[in-house]
Amino acid sequence: MTRKFWNRTEPMAHTEPDQAGPDHAELARLLPAPSAPEMSPDRQLLFEEHLLNEIHTTTPRPAAGKRPLRRALCIGVPVTALALTAAVFTAGTLTGTDDGAPASVEAPVVAIEAGSTVQLASTAQQIAGAASTRQVPEPGPGQFIYVRSTVSWQASSFNGDTNESKTWVQPVHQREIWRSPDASRGWLDEPGYQPKGGIGLGSDNPHSKPVNGKDIEGDATLRSYNWLKAQPTDPQALLKTVYARLSGPRDRDQQAFEEIEQLINEQLVPAPTAAALYRATAQIPGVVLVQNSQDAAGRSGLALARLDERTGERTELVFDRTTFAYLGSRGVQVKEFDGIKPGTVVERTAVLERAVVNAEKERPAKGSTA
């Protein structure tokens, strides 16, 4: 809603038709020009959250959730505080779909299993040991890392006209991503949640802005294959690198755990680095072992998990209990928060394919999955 202010150049109404009007020039000189009030910090933050949510997904938005939304990709569009109000009504055009996104679905509800640190270290060693011997193809210049997943995330929206917010869960849907080894180029195809045909990443993204002299996202190289390959393979040193990237007021241990989730979900991680990451994960305070979990494809396994004490959501990294391969992730509400009942599954992912392909948008041949 736009608030209209008095314009001092407009004629002022008078009660007597034949009475001379006031000296407008003199009034303009004596009275200060009216100005619009500044947006409060809380209001500005709400608009910022809405803008990011609009860019994350194109599902028709009813409202901004009060928990931080973790998404696998955020296409950053720099917007000044002054432009945020207008962005609320225009951001949807950046990633709007032609036919609209699927309707929301009822979130699954599961029994909450208590996590434990018993066997945590030994299980992490088994997961790391399996990762260290896994054959991982190395992408060459001009090639792309391909990852196909099924995903379902909690989404939220804010209605600027009614000042109302709403949170819901997306149906499980397919997501494909291509990234160059240095993450400077790429493509994302997520039908119903991105424009028809997909959207470019890095320098291929029409909304990317130069950062430090490079036309890529500000943090893209920090999650690239090349960056991961260059990291130390000592778990403590690698964990120190992860913590060094964190910022903001949230629990740093929770942030570190979620950062590792982001790194392994949609990237090809070199075997030594993957082994170090899994060992490092078990060293984060608050991490527990959950014996029974499930990814978005319905595959069961055990999980390295951590509870966000502020939101009551437990993030679970799911591994096959026989091969110890990473399957995907799950977010389960353990404590009621913002009206979400315990046992509610608020997010799910499942990695179905990882491969190296020769061109952007090319899909791997059968049997070439990493």
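Over the ring of which residue does the charged end of R245 sit? The charged end of R245 sits over the ring of W227, 5.3 Å from its centre. A charge counts as sitting over a ring if NZ of Lys or CZ of Arg is within 6 Å of the ring centre and within 35 degrees of the ring normal. K361 likewise lies over the face of W187, at 3.9 Å from the ring centre.

This is a predicted model, in which local features need pLDDT of at least 70 and side-chain atom pairs count only at pLDDT 80 or more, whereas totals for chains, interfaces and linings use all residues. Residues are numbered from 1 along each chain as its sequence is written, and side-chain values use heavy atoms, with hydrogens and water left out.

**Aromatic pairs**

A pair of aromatic rings is described by the distance of the centres and the angle of the planes. Rings of Phe, Tyr and Trp (its six-membered ring) pair if their centres lie within 6.5 Å; planes under 30 degrees apart count as stacked, over 60 as edge-to-face and the rest as tilted. The structure holds 3 aromatic pairs, including the two in the table.

| Pair | Centre to centre | Angle between planes | Type |
|---|---|---|---|
| Y146 and W178 | 5.3 Å | 55° | tilted |
| F319 and Y326 | 5.5 Å | 65° | edge-to-face |

Y146 belongs to strand 1 (residues 144-152) and W178 to strand 4 (residues 173-179), so their pair ties together parts that are 32 residues apart in sequence. Helices (H or I, at least four residues) and strands (E, at least two) are DSSP runs, numbered from the N terminus. Both Y146 and W178 are buried, a term that means under 20% relative accessible area, with exposed over 50% and partly exposed in between (1.4 Å probe, protein chains only). F319 and Y326 are buried too, and together with Y278 they form one aromatic cluster.

**The open sheet**

Strands of a sheet pair through backbone hydrogen bonds, either parallel or antiparallel. Two strands are taken to pair if DSSP finds at least two bridges between them. Here, 9 strands form an open sheet in the order 6-5-4-1-11-10-9-8-7, with antiparallel pairing. Strand 6 (199-202) and strand 7 (288-294) stand at the edges, each with a single partner strand, so one side of each has no neighbour in the sheet. Strand 7 is joined to strand 8 (residues 300-307) by 5 bridges, and the two run antiparallel. Within strand 8, A305 is the bridge partner of V288.

Strand 5 (residues 185-189) contains L188, which is buried with a relative accessible area of 0%. L188 and G198 are 10 residues apart in sequence, yet 5.4 Å apart in space, C-alpha to C-alpha.

**A hairpin**

Strand 2 and strand 3 (residues 164-169) pair in the antiparallel sense over 6 bridges. N159 stands opposite E164 in strand 3. The hairpin of these strands has 4 residues between them, and N163 takes a positive phi near 60°. Of the 6 residues of strand 2 (residues 154-159), 5 are buried, so this strand is largely enclosed by the rest of the structure.

**Helix 8**

Helix 8 (residues 252-265) has 14 residues, of which 13 are buried, so the helix is largely enclosed by the rest of the structure. Its expected span (1.5 Å times one less than its number of residues) is 20 Å, which agrees with the 20 Å between its end C-alpha atoms. D251 caps the N-terminal end of helix 8, with a side-chain oxygen 2.9 Å from the backbone nitrogen of D253.

Definitions and conventions. A polar contact is a pair of N or O atoms within 3.5 Å; within protein, one must be able to donate a hydrogen and the other to accept it, and residues adjacent in sequence count only if both atoms are side-chain atoms.
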